[in-house]
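Biologist: I'm new to this one. Please walk me through it, a site at a time.

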Amino acid sequence: MAKLYFHYATMNAGKSTLLLQASYNYQERGMHTLLLVAGHYKRDDRGYISSRIGLEADAELFADGDDLLALVSEHHAHRGLHCVFVDEAQFLSEAQVWQLARVADRLGIPVMAYGLRTDFQGKLFTGSQALLALADELREVRTICRCGRKATMVVRLGADRKVAREGEQVAIGKEAYVSLCRRHWEEEMGRVTAEDLVGFARG
Ligand SMILES: [Zn+2]
């Protein structure tokens, strides 16, 4: 039985590196993979997946409204696919996550989706919400906060390098992201002040 996997992480956890490595493992055995990436990540209208350590591969772009079952079926008919990889899976719609579930269930091709769980305000992305609900297997890609605890949250820094406390969910440009543990995220977002913590033990 082919499965739908969701590998979730915060920013800078190395999920694209893991994706490219896993795809390479298939290719090394002479198997075919299809790489998909959200339309936000393109260069001269071509999609690509790149990792911070320098790995890069071309990828098919997906946009809102694209039928991913149809897209995967077309590639599968052409060259026989053994696995489908999806990067920036948080940008999938709920309908597209169902289409990927059907790729696993009906076409028998495993789907490995990689994405962020939550946005900088600590809210689930649409694609991540659907994947958390529907995926057969959930795998956390871990990274750490500056304090050494596991980072599960992300803050967005604006062009002024200050932490953004509100704004659009998606901003791709000069912004930078920092992954933090929940405690430090709440402090950076101004949700907890020193007075709030009077009387509580400090960890
Ligand atoms: Zn921390």
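Biologist: Start with H184. Which residues is H184 in contact with, leaving aside neighbours within four places in sequence?

Modeller: H184 is in contact with C145 and C147, once those neighbours are set aside. Two residues count as in contact if their C-beta atoms, placed from the backbone, lie within 7 Å. This is a predicted model, where local features need pLDDT of at least 70, side-chain atom pairs count only at pLDDT 80 or more, and totals for chains, interfaces and linings use all residues. Residues are numbered from 1 along each chain as its sequence is written.

Biologist: Where does H184 sit?

Modeller: H184 is in helix α5, residues 182-188. Helices (H or I, at least four residues) and strands (E, at least two) are DSSP runs, numbered from the N terminus.

Biologist: Is H184 buried, exposed or partly exposed?

Modeller: Partly exposed, because H184 has 19 other C-beta atoms within 10 Å. A residue is buried if 20 or more other C-beta atoms lie within 10 Å of its own, exposed if 12 or fewer, and partly exposed in between, with C-beta atoms placed from the backbone.

Biologist: New topic. Which residue does UniProt list for "active site"?

Modeller: E88, again from an unreviewed entry. E88 lies in the loop between β6 (83-87) and α3 (94-106).

Biologist: Why is E88 called buried?

Modeller: Because E88 has 25 other C-beta atoms within 10 Å.

Biologist: Take Q90, then. Where is Q90?

Modeller: Q90 lies in the loop between β6 and α3. Q90 is buried, because 25 other C-beta atoms lie within 10 Å. Leaving aside neighbours within four places, Q90 is in contact with G115, L116, F125, G127 and S128.

Biologist: And T10, buried or exposed?

Modeller: Buried, because T10 has 27 other C-beta atoms within 10 Å. T10 is in the loop between β1 (4-9) and α1 (15-28). Not counting residues up to four places away in sequence, T10 touches L116, T143, A151, T152, M153, V154 and S179.

Biologist: Back to α3. At what angle do α3 and α4 pack?

Modeller: About 40 degrees, with the axes of α3 and α4 (residues 126-134) 8 Å apart. Axes are lines fitted to C-alpha atoms, for helices over the stretch in contact, and angles run from 0 to 180 degrees between N-to-C directions. The two helices are therefore oblique to each other. Angles under 35 degrees count as roughly parallel, over 145 as roughly antiparallel, 65 to 115 as roughly perpendicular and the rest as oblique.

Biologist: Which residues meet there?

Modeller: From α3, E94, V97 and A101 meet T126, G127, A130, L131 and L134 of α4.

Conventions
UniProt positions renumbered as here; feature names shortened; annotations may be inferred.
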